[in-house]
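The following note sets out some points on the model shown below. Please read the points alongside the coordinates.

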Amino acid sequence: MKKSKSAREIPRRERVGYFHCFARGAARAAGSPWAFGIALLIILIWAITGPLFHFSDTWQLVINTGTTIITFLMVFLIQSTQNRDSEAMHIKLDELLRASGGAHNAVLDIEELSEEELDALKRAYAALAKRAMKDIRSGKSDLGVPELEESLERAEQERPHSL
């Protein structure tokens with residue numbers, strides 16, 4: 001009988017995938033002071049060689065092509081890393097909401113809602129904030145966990161109806 005390995009025993013590269021490891025490493029390297037220094041050095045060398053090549057079209061094409069290719073590739077690497085970081089952040093926030101006794105669990109998967117549903121929730125939270133400010137100005141406390149459903153209903157009633 002084969003014993004299954006725990007997540008800690010499997011190398012990170014195999015758990016998250018080679019591309020994710022490469023993308024994260026490349027994004028970190030591209031954001032380092034060394035990368036900036038190398039890029040600056042390349043531009044300086046290119047600028048200094050301008051008179052040598054008589055500022056020709058080929059001389060200009062070299063830097064344009066090089067920067068275009070690097071930018072094109074970096075967009076995908078950075079987007080991959082950003083997507084992964086964003087997903088991890090959502091999971092962490094979901095866990096905090098789940099662990100909070102008074103939090104509304106309806107917002108755990110909020111990023112998957114339609115624009116109309118997001119607008120309705122935004123209006124409801126704005127109504128809660130408006131009521132809290134009114135309470136503070138009248139000397140009351142704004143602490144507690146008011147019901148969101150009540151604010152949703154109020155927000156819908158106060159919503160300007162479009163034609």
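Which side chains meet in a salt bridge? The points below begin with this pair.

1. Basis. This is a predicted model, in which local features need pLDDT of at least 70 and side-chain atom pairs count only at pLDDT 80 or more, while totals for chains, interfaces and linings use all residues. Residues are numbered from 1 along each chain as its sequence is written, and side-chain values use heavy atoms, with hydrogens and water left out.

2. Salt bridge. The side chains of Arg24 and Asp85 meet in a salt bridge, at 2.6 Å from N to O; the term denotes a side-chain nitrogen of Lys or Arg within 4 Å of a carboxyl oxygen of Asp or Glu. The pair links distant parts of the chain, with Arg24 in helix α2 and Asp85 in helix α4, 61 residues apart. The structure holds one salt bridge. Helices are DSSP runs (H or I, at least four residues), numbered from the N terminus.

3. Accessibility of the pair. Arg24 counts as buried because its relative accessibility is 16%, whereas Asp85, at 33%, counts as partly exposed. Buried means under 20% relative accessible area, exposed over 50%, and partly exposed in between (1.4 Å probe, protein chains only).

4. Helix α2. With 13 residues, α2 reaches 18 Å from its first C-alpha to its last, close to the 18 Å expected at 1.5 Å a residue; the expected span is 1.5 Å times one less than the number of residues. Its buried residues are Ala23, Arg24 and Ala26. They cover an arc of only 165° around the axis, which puts them on the same side of α2; the arc is that of the directions from the helix axis to the C-beta atoms. The face turned away from the buried side carries the exposed residues Tyr18, Phe22 and Arg28.

5. His20. This residue of helix α2 is partly exposed, with a relative accessible area of 30%. Leaving aside neighbours within four places in sequence, His20 is in contact (heavy atoms within 4.5 Å) with Ser80 and Arg84. His20 and Ser80 are 60 residues apart in sequence, yet 7.3 Å apart in space, C-alpha to C-alpha.

6. Helix α4. The 43 residues of α4 (residues 57-99) should span 63 Å at 1.5 Å a residue, and the end C-alpha atoms are 62 Å apart, which agrees. The buried residues of α4 are Trp59, Ile63, Met74, Leu77, Ser80 and Thr81. What covers them includes α2 (18-30) and α3 (33-48).

Notes:
Helices (H or I, at least four residues) and strands (E, at least two) are DSSP runs, numbered from the N terminus.
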